[in-house]
Amino acid sequence: MEQADELGRFPLSPYKFRRVKDKLQIDEDILERKIFHETQLNKNINQRLKNSNNKDVILFVHGFNNTFNESVFTLTGIWHFLNRQGVPIVYSWPAAATGLTGYFEDKESGQFTIFHLKETLRLLFKNPEIENIHIIAHSRGTDVVTTTLRELIIENRASGGNPREDLRIENLILAAPDLDFGIIKQRLMAEQFGPAFGKITIYTSQEDSALGISQWLTNSLSFGRLNTKDVNINEQDIFTSVGNVSLIKVPKSGSLIGHDYFHSDPAVSSDLINLILHKASPGSKKRPLQKLENNFWSLDSNYLIKNE
């Protein structure tokens, strides 16, 4: 990227606040600046929505060891094949630490950025001009996204809301998720996370070397390397009862690490595009996936030929 123009900047967090009777309120000057920049950002989004046939937002949250420029390049490619419809937004967080401890530094950065992603998503949720939101998260970005959404869903339900209607997230796409499957079961499945979305799609690969290293470092089963045999009968029943969760097993990637297949592999990226652009279900003509069992599907090397 040659140049990035700063159009706004939120106040530094944590925001200064004060107690008013039994409630806490953000400092008035800070709140005023915050609202001003939120309004400016939404004006920018709405202007771009006017030039689009659909009124959707595609939000991309990158993963471990990715820069802002790399993320913009990735989402630009996806948006191009979405016929440049909707408004593409990259949410970038500090995830390019180097050295032996880089992975753990990025993991901590992911926790640090959750507040900021919540502020960003709240802004989108409050914008009435946006009809649907499609969230694509990759690698460690899936932890950032699912943790953030879990908190927002709890917040919405506690206020008497309906997250499926209020948040308007049509697709939650987790590509090569660097998530502990045990944590997924307890923090997401147990708390009925799935019904808050239109569709949840998870792309997994047992050939993903980066997640293999992550498994070794954390001594856990990575969600992004999940296989049918790793899911017990009770968990299978939960996936099935939710009804909107699809786990897509992808073939071995041509790259050495095999972690960026969601945009570098033509078959996988085509499936992702067909999911968003055509609202296609797995196994349909537009998404010729092979049914394995329960919510598991296989994307084979003939996907593009079948889709012609």
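Where is the place of K21? K21 sits in the loop between β1 and β2 (23-26), with helices (H or I, at least four residues) and strands (E, at least two) taken as DSSP runs numbered from the N terminus. The phi of K21 is near 55°, a positive value in a residue other than glycine. K21 is also exposed, with a relative accessible area of 80%; here buried means under 20% relative accessible area, exposed over 50%, and partly exposed in between (1.4 Å probe, protein chains only). The structure is a predicted model, in which local features need pLDDT of at least 70 and side-chain atom pairs count only at pLDDT 80 or more, while totals for chains, interfaces and linings use all residues. Residues are numbered from 1 along each chain as its sequence is written, and side-chain values use heavy atoms, with hydrogens and water left out.

Q192 is not a glycine, yet its phi is positive, at about 55°. Its place is in the loop between α7 (181-189) and β7 (199-204), and Q192 is exposed, with a relative accessible area of 55%. The peptide bond from S13 to P14 deserves a look too: it is cis, with omega near 0°. P14 lies in the segment before β1 (17-20). For context, most residues other than glycine have a negative phi, and most peptide bonds are trans.

Turning to the overall fold, the protein has twelve helices and ten strands. Its radius of gyration is 20 Å, close to the 19 Å that the globule rule gives for 308 residues, so the protein is as compact as a globular protein of that length. The radius is taken over C-alpha atoms, and the globule rule is 2.2 Å times the number of residues to the power 0.38. Along the principal axes, the C-alpha atoms fill a box of roughly 60 × 45 × 45 Å. Of the 308 residues, 48% count as buried. Among contacts (heavy atoms within 4.5 Å) between residues at least 6 apart in sequence, 74% join residues at least 24 apart.

The open spaces of the model come next. On a 1 Å grid over the protein atoms alone, a pocket is an open set of points with protein on both sides within 12 Å along at least five of seven lines, whereas a cavity is a set where a 1.4 Å probe fits but cannot get out; lining residues have an atom within 4 Å of a point. Grid points are joined across faces, edges and corners, and a volume is the space filled by probe spheres set on the points. The largest pocket has a volume of about 1,900 Å³. It is lined by 43 residues, of which D5, L41, F68, I89 and V90 are the closest to its centre. At least two lining residues come from each of α1 (28-50), α2 (68-81), β4 (87-91) and α4 (114-125). By type, the lining of this pocket divides into 23 nonpolar, 14 polar and six charged residues, where Ala, Val, Leu, Ile, Met, Phe, Trp, Tyr, Cys and Pro count as nonpolar, Asp, Glu, Lys and Arg as charged, and the others, Gly among them, as polar.

How many cavities of 30 Å³ or more are there? The count comes to one. About 40 Å³ of space lies in the largest cavity, and its lining is made up of R150, I153, I154, R157, E191 and F193. These divide into three nonpolar, no polar and three charged residues.

Aromatic rings are the next topic. Rings of Phe, Tyr and Trp (its six-membered ring) pair if their centres lie within 6.5 Å; planes under 30 degrees apart count as stacked, over 60 as edge-to-face and the rest as tilted. Four aromatic pairs are counted. One of them, F60 with F262, is tilted, at 6.0 Å centre to centre and 35° between the planes. This pair links distant parts of the chain, with F60 in strand β3 (residues 56-61) and F262 in helix α10 (residues 261-264), 202 residues apart. Both F60 and F262 are buried. The rings of F193 and F197 have centres 4.9 Å apart and planes at 55°, so this pair is tilted. F193 is buried, with a relative accessible area of 7%, and F197 is buried at 2%.
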